[in-house]
Amino acid sequence: MAVAIATNYLTAYEREAECQAWLWANDVPHRRWVAVDDRSWLYRPFCKSLFLVDGRTGLTQATGSQLTARLQTTL
């Protein structure tokens, strides 16, 4: 039931809903997480768990360093 509630709320934000469903299915719904993606519209606006990269370049050395810093402070 909780998974259905979480995914129904996020149906407009498909990728975030998938992440939340995975967390619920693995009994860690309150665990912090970070998704690396180039499609912001698949997540709620201002989603704190999204690390947005440029789809044309992907994960570069510079953004990789930013991601490392983010992971160290988030997780």
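The side chain of Asp 54 meets that of Arg 56 in a salt bridge, with N and O 2.8 Å apart. Such a bridge is a side-chain nitrogen of Lys or Arg within 4 Å of a carboxyl oxygen of Asp or Glu. Arg 56 itself is exposed, at 76%.

A word on what you are looking at. This is a predicted model, in which local features need pLDDT of at least 70 and side-chain atom pairs count only at pLDDT 80 or more, while totals for chains, interfaces and linings use all residues. Residues are numbered from 1 along each chain as its sequence is written, and side-chain values use heavy atoms, leaving out hydrogens and water.

Now step back to the whole chain. It has three helices and two strands, arranged along the sequence as α-α-β-β-α. Helices (H or I, at least four residues) and strands (E, at least two) are DSSP runs, numbered from the N terminus. Of the 75 residues, 27% count as buried.

Have a look at how the two partners are placed: Arg 44 is partly exposed at 33%, whereas Glu 16 is buried at 1%. Another bridge joins Arg 39 and Asp 38, whose closest N and O atoms are 3.9 Å apart. Here Arg 39 is partly exposed at 38%, and Asp 38 is partly exposed at 32%.

Next, let's go inside. The largest nonpolar core has seven residues: Leu 23, Trp 33, Ala 35, Leu 42, Tyr 43, Cys 47 and Leu 50. A nonpolar core is a set of buried Ala, Val, Leu, Ile, Met, Phe, Trp, Tyr and Cys residues joined through side-chain atoms within 4.5 Å. Leu 23 is in contact with Val 28, Pro 29, Arg 31 and Trp 33, leaving aside its neighbours within four places in sequence. Contact means heavy atoms within 4.5 Å.

Cys 47, another core member, counts as buried at 11% relative accessibility. Why does it not pair with Cys 19? Their sulfurs are 8.1 Å apart, too far for a bond. A disulfide needs a pair of cysteine sulfur atoms within 2.5 Å, and the whole structure has zero of them.

Finally, find Ser 49, in the loop between strand S1 (35-37) and strand S2 (50-52). Ser 49 is buried at 14%. Ser 49 and Trp 33 are 16 residues apart in sequence, yet their C-alpha atoms are 5.8 Å apart in space. The side chain of Ser 49 also reaches the backbone oxygen of Trp 33 at 3.2 Å. Over in helix H3 (residues 61-74), Thr 74 is buried at 15%. Not counting residues up to four places away in sequence, Thr 74 touches Arg 32 and Val 34.

Key:
Buried means under 20% relative accessible area, exposed over 50%, partly exposed in between (1.4 Å probe, protein chains only). A polar contact is a pair of N or O atoms within 3.5 Å; within protein, one must be able to donate a hydrogen and the other to accept it, and residues adjacent in sequence count only if both atoms are side-chain atoms.
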